[in-house]
Every structure is written in C-alpha cells, then in structure tokens.
Amino acid sequence: MAQEVALPLELEEELPERGRRWRRLAHTARRHPLGVFGLFCVSLLFFCGIFAQAKVPFVELGLSIVPYDPLDINRETDVLGTLAAEVDAEDKQLTVLGSSLEAGSSFDLETERVTVTRLVSEIGDTHTVAVARGSSPTAHAQGVLLKHEAALALADPSFSHPFGTDHLARDVFSRTIFGARISLLIGLVAVLTGVSTGAMLGVISGYFGRIIDTIIQRGVDILLAFPPVVLLLAIITVVGDEDSAVRKFLADADLVPGFVPLIGGPIDIRLPERDFIGIPNFIDVFIVALAIGLAVGVFTTRVVRGAVLSIKENVYVDAARSMGASDARIMWRHIFPNVVALVVILGSVLLPVAILAEATISFLGIGVPLPTPSWGADLSDEKSRQLMLEGYWWPVFFPGFALSLIVLGFNMVGDAFRDLSDPRLRGSGLGGGGGGGGGGGGSSPL
Amino acid sequence: MVGVSFLTFSSFNVIPGDACVLRLGFGSTPETLEDCREQHGLNRALFPISIHSDAPWLHVQSSQYGDWLWDIPAHQDLGRSLAEGGAEVSTELERRLPITLELMIMTIIFALVLGVVPGVLSAVRPNTPIDWLARIASVLWLSIPSFYLAILMITFGLLWFDWTPPQFGSGYKPFMDDPWINLQQFFFPSLVLSVGIAAVIMRLTRSAMLEVLRNDYIRTAWSKGLRERTVVWRHALKNALIPVITLVGLQVGALIGGTVIIESVYNLNGVGKYTLEAIIRRDLFVVQSLTLMFAFVYVLSNLMVDVAYAFLDPRIHYN
C-alpha cells in the first residue's frame, strides 16, 4: 500500500514542468542558504569585474560603477569666505568676509592663485589682508568665493567616499571594486591558458604513453616538486624582469596578426605597455596571470592524464582505432569529450585558487606592481600598513575583506554544489571534505 | 632533485643582468663588474659539459653549475651568497632553519588540535549547534588568507587592546634558553598559519568520522556497553585519523609557502624570509640551494606519507 502511494508521488517529481522546476530551485536554495550567499559573492565579483569601469576596447560605454578613478588623487575644496569688496588687477589688499586668514595661507580666487603675506586689520567678520597675487592678476567682483583645495588623504569612510581614501588620497571604494576586475582577469586568463594547455598535454601524455609520457611527466614532476608559492615567486622573478624575453615578446608581438575589426581598417593589436581596459601596468598583470597559469596547468596535466589512462582502455577507443581513425582523431573525438566535464570542474575549482595566488604574490611584492589597484598589492603597501597601526585601517582592511569574501563565496558555492551532487551526504548540510582531493586542492597554493 | 636545481639554475641564467649588476648598480664600469664576477666565479662556463666546434666530443670543464652540484656531497657546501658580505648558505641555514622548523612544527600541532577536536565533535553530534559552528568556522578559516588574518590580528590587537605580539626584532630566543619567551614569540605566527590547514583537517576529520561511525565494529563497541568517550576517541578516531595523517603530509608544501608569507609579515628571520629576499636579490646560489632543500623536504614528506599509510593501515602493502 505504502509503495503504491509512493510511486505516483515520485513520478510527479520527475515531471519537468516549468513552475515545478522553479519551485524545486527555490526549495534547493532554501536548503542551502550558504550556497546562495556564495553564489551572490561570486556574481558580485563578476559584476564588479566587468562593469568596474566601462573603458572596454573599441567601445566607450557610458556605464561605470566606480565613482572615482582608482588612480586619481581626490581633492577636497573648502570655501574660506567671500570677497567683501571688488578688487582690480593691481590691488595688493583684499577685504574678505567670513574667515580668519593666516599669513602664508593660500587660496584660489576664480582661476588666480593668491597667497596671504600678512593680516592688516580685523573688524568683526571682515578681514583685510595684504596678498601676493598670481602671475597674471585679474579683477574680481564682490562676492567671489575664496576656495582652498587640498589632497584628501586618509579621509574617514563617509558618504562620498564609502571606504575612505588612502594616504595618496585615492578612493578606497573605487580601488576595491576595481580590484575585482584585476582579480577576475588574472583568474580567468590563468585558468583558461593553464587548464587548456594542461588538458592538452595531459591527453597527449596519457594517450601516447611510453617516451612522450615519460618526458612530459618528468617535467611535471620537477615543477610539482616546488612548493607552489616558491615556484610562482621564481617564475615571476625570471619572467617579469625588466627586459626578459617574455616581456619583450608580449610587448612587441602582434597577438592577432591581420585582425580586422568590424569598425574597419586593421588595428595594431598589441598589449599596451600601460593602460588597457583601465588597468595600468597591463603587461605585468598579464605576466602574473601566465605564471599562475603555468602552475595551474601543471596540476591539470597530472589529473587529466590519470583520467585519460583509464578512458583509453575503453572498447570504443579500440573500435575507433580498428576502423583506421588517426591518433589525433581518437584523441579529439573519443577521448577529449570524456574529460571535458573534469576539465570544467577543475577550472572552476582552480579559479579562486588562482585569484588567491595572485593576491599572495602581489602581497609579497613580486606580483602586480603597486599603482595598479590589485587587492594583494594594496595589502602589501608598506606605508598603508604602517598607517594602519596608527588607526587608519580602511585602505588595507577593505581590499583584504573583498578578497576573503570572494574566496569564501567560491568555497560556499563549491560546498553546496558537492552537497547537491553527492546524495550520500545529502541532509548533512555542508558535506565535509567529501572529496578530500577537492578540499586539499582548493587550498593548495597557500 | 637534480632536475629542480637544473631548472632553477638555467632559468636564472636566462635573465639578463646578474647579482653583480644589481649590487654595483647599472652605472658601474665593466672592469669592476668583471672583478666582482671573477670573485664569485660567475664568469665560468655555465654547465660542466659542452660541445666544442673544433672537437666533436663532449668536453668536461670547470663550471658554475657542475661545481656547485659537486660540492654538496663532496664538501657539504651549498655555496655562498652573492650579496655584500657573502655569508655562506650553510651557515645562514644553520641560523635560520631552527626558526622555520619550530614555526612549522607548532603550526602542525595547532592545526591538528584546531582541526581534529571540532571535527570529531561535529561528527558525533551532526546537525546540532556545535556542528553548525564547526562547519561555518571551517569555511571561514579556509577562506581568509593567512597574510590578511595576520595583518588584522596585529592591527586590531593594537588598536582595540593596545597589545602587540612579542617582537622578533629584538632577536630570536632558542627554546632551550627561554622556553616561555620562545613560545610567546611563535604562538601567533603559527596560530595564523595553522588556521587554513586546520580548516581542511577539520572537514576531512568530520567526513572520515561520519564514515567510520557507521561501521559494524562501532556498533559492536556501543553494544558492548563501552562509554561514549572510549568509543569515539579510542575506536572511531583511530581509524578516522588515517586519511588525516596523509593530508597533513600533503599540506607540507602549503606549509612551506605559508612560512614565506608569515615570516615576512611577522618579520621572523627564518628560511622563508631568506628565500623571498634571495629571489628579489636574484641571489643565484641561495635560491638554488633553498629550492633544492624545499623540493627535498616536499618529496620526503610525500614519501613519508606513503610509509605512514602502510604503517597505520596494515591492509595496505607496497611491493
């Protein structure tokens, strides 16, 4: 009886109705609040990374979520007072309403720079001061504002600067959001280059075996024998050097030869030395990404090779070979589709690892150089860290917080995903280290 | 091992400019540069074997790489630093190795305590507040980068509690001289470093314990009327710890990377900081020796994991 009731219920569950699907999704989301939070963090990273500043190549979008330029010095303007009487070009004395001006202080009268030499008289709110005038003194009408402009260094978090400004008067909020673009770019470039090359080498190594396998795997052995951080440091010192061959190649090579965009006319596609999609020191960023890609690729090669070793024993591979398929065809059409899922999972697991690796080496002062608003580099700024001990905590706190939040998000999504895909652990919430390898791999570079 | 050192050596020689250029500045005359290179033997041939155009056989010669490699077993000599003063690598190591080793050992101890205990507790009482707390803690610990945690602890310790970690600038006190000061010095760096590893250990302990607690022999132990403490800590944990031990061994690589970071944050004069400085200074022989040592430790720890595995689980045999 009980079974008869249970059966139709289960069938109902399988119906792929739209409304039901949404409801199931909502149900899953309710069961995994942490996963949803993680998903939110990860989408935030992608959103900030993409829309941080709309200076995309070729297209100028009028859309940006960064309120200030992350590299610009922010200035604040104080109004010191107003001119109480009109002044002509030769006047050496001003009558000012509203502020006590000291000798030596300077301010702007419209476009003219004026410096106070001494105070002449003070009657109530009205001051008369002797001044040295700018290079080309002009006449000013009564009521003109006296403005004083200064760099807004180390401002507290406020409404106009939500995360405050740092010691160079740059807006920390803008830098933190822009950091998402750097992290995302480095993560994606590293994972795409590393995982694709690694997978290719892994397939070749596993498929051919023998001498090719030995050569590739000994190379991998050597690279895996380095602790990851040390390996990255060594690669970047070698490759990132002022006049290393790789840097020269990246700076000079036509990356896409003969590329003719739709807008018309061939455009010289080179990695710009400086500004590219708003990122200063783009070449350094790119080199860091490639170095991390190498470390990622080594790991991928090993894993993919292991999978290929078992896949190539399948009968369909023998069948394809007996039908006269070439090695390349077997690898591409019969073996590669079987490792694609693995490769995609590896890529998504390694993305936060790559982001964290970038932050780590930038923190050690070897990755992305400083004016670039990278989270790790912001944390490494000596001056900021000294000032942090004096109470100016925001220039260091927020980039680090963003970094932690993103890594946390990726971890939570990974946990929820593993929960959903492993029915054995269902109901026990976060699945623990279900895949010990996954957990270990996830934190390996640190 | 030789492969590692070979790779380090050749890649560092691909970079134009060497330690002498860096030390004397770019404006130095060719003569002084040549002197400096002579002094450190940087003008020798790179590799011990070369093929000459006039004689088509392999030619054995005195070389930078060959001599350095030969001196390790022959004279227990790792070469000397190219920096001003040029300390020998082995004496530097003698001074710095105890610091790093102590840091690593304390980190592993902390990580085991912070990982295994909550892991077991949360596995024994699944879906209770303890379990939730442990699981959330593990995700948080896994996510916060160690250098950020270190900076936060230093800063907010100072700002809120007017407290600074014991300084290392005044000098490292060996454990034998003053155990109390020594432990104080190492407490926070190793705590910070252990957090990430503890999180991984905690998750693995929890899932291993959940697995083990389902076994028949645990049911037998319960039905014998043994106390909970005995069942959990004696019968179950012993078996659940096997994968954990493996994990600790595999985390040694992460640990070495961690010492590089933590030693530079806390200004500990250990091997990690030495490595970072040497890499920045492009101090060829030092980097070479250190990477060789790291790789050695790394490979050795992986080997030890295999041995420990067979030792702990009598069912596993290696032929």
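This is a predicted model: local features need pLDDT of at least 70, side-chain atom pairs count only at pLDDT 80 or more; totals for chains, interfaces and linings use all residues.
Q: How many helices and strands are in chain A?
A: Chain A has 14 helices and 6 strands. Helices (H or I, at least four residues) and strands (E, at least two) are DSSP runs, numbered from the N terminus.

Q: And chain B?
A: Chain B has 13 helices and 2 strands.

Q: What about contacts between residues at least 24 apart in chain A?
A: They make up 66% of the chain A contacts between residues at least 6 apart in sequence. In chain B, residues 24 or more positions apart account for 65% of contacts with a separation of 6 or more. Contact means heavy atoms within 4.5 Å.

Q: Switching to charges. How many salt bridges over all chains?
A: The search of the whole structure finds 8. A salt bridge is a side-chain nitrogen of Lys or Arg within 4 Å of a carboxyl oxygen of Asp or Glu.

Q: Which residue pairs with A:D378?
A: A:R175, with the closest N and O atoms 2.9 Å apart. A:D378 is in helix 11 (residues 375–380) of chain A and A:R175 in helix 4 (residues 172–208) of chain A, so the pair ties together parts 203 residues apart in sequence.

Q: Is that pair buried or exposed?
A: Both A:D378 and A:R175 are buried. A:R175 has a relative accessible area of 2%.

Q: What else is in helix 4 of chain A?
A: A:T176 lies there. A:T176 is buried, at 7% relative accessibility. A polar atom of its side chain lies 2.7 Å from the backbone oxygen of A:V172. Leaving out residues up to four places away in sequence, A:T176 touches A:F163, A:W375, A:F398, A:P399 and A:A402.

Q: Now chain B. What does B:R206 bridge to?
A: B:D131, at 3.1 Å between the closest N and O atoms. B:R206 is in helix 8 (residues 179–213) of chain B and B:D131 in helix 6 (residues 129–143) of chain B, 75 residues apart. B:R206 is buried at 3% relative accessibility, and B:D131 is buried at 0%.

Q: Where do B:R219 and B:D216 sit?
A: Both lie in helix 9 (residues 216–223) of chain B, 3 residues apart, about one turn of the helix.

Q: Which residues join into one salt-bridge network?
A: B:D131, B:R135 and B:R206, through salt bridges that share partners.

Q: On to packing. How many residues are in the largest nonpolar core?
A: It has 141, and those with the most contacts inside it are A:L233, A:I292, B:F147 and B:Y266. Helix 10 (residues 327–363) of chain A gives the most to this core, with 16 residues. A nonpolar core is a set of buried Ala, Val, Leu, Ile, Met, Phe, Trp, Tyr and Cys residues joined through side-chain atoms within 4.5 Å.

Q: What does A:L233 contact?
A: Leaving aside neighbours within four places in sequence, A:L233 contacts A:I361, A:L364, A:I366, B:V260, B:L276 and B:I279.

Q: Which residues make the nonpolar surface patch?
A: B:L97, B:L101, B:I105, B:I109, B:V113, B:V117, B:L121, B:I130 and B:W233 make a patch of about 750 Å². Helix 5 (residues 89–124) of chain B gives the largest share, 7 residues. Patches are made of residues with over 30% relative accessible area and no salt bridge: like charges are joined within 9 Å, nonpolar side chains (Val, Leu, Ile, Met, Phe, Trp, Tyr) within 5 Å.

Methods: Residues are numbered from 1 along each chain as its sequence is written. Chains are lettered from A and ligands numbered from 1 in the order in which they are written. Side-chain values use heavy atoms; hydrogens and water are left out. Accessible areas come from the Shrake-Rupley method with a 1.4 Å probe; for residues, only the protein chains shown count as cover. Buried means under 20% relative accessible area, exposed over 50%, partly exposed in between (1.4 Å probe, protein chains only). A polar contact is a pair of N or O atoms within 3.5 Å; within protein, one must be able to donate a hydrogen and the other to accept it, and residues adjacent in sequence count only if both atoms are side-chain atoms.
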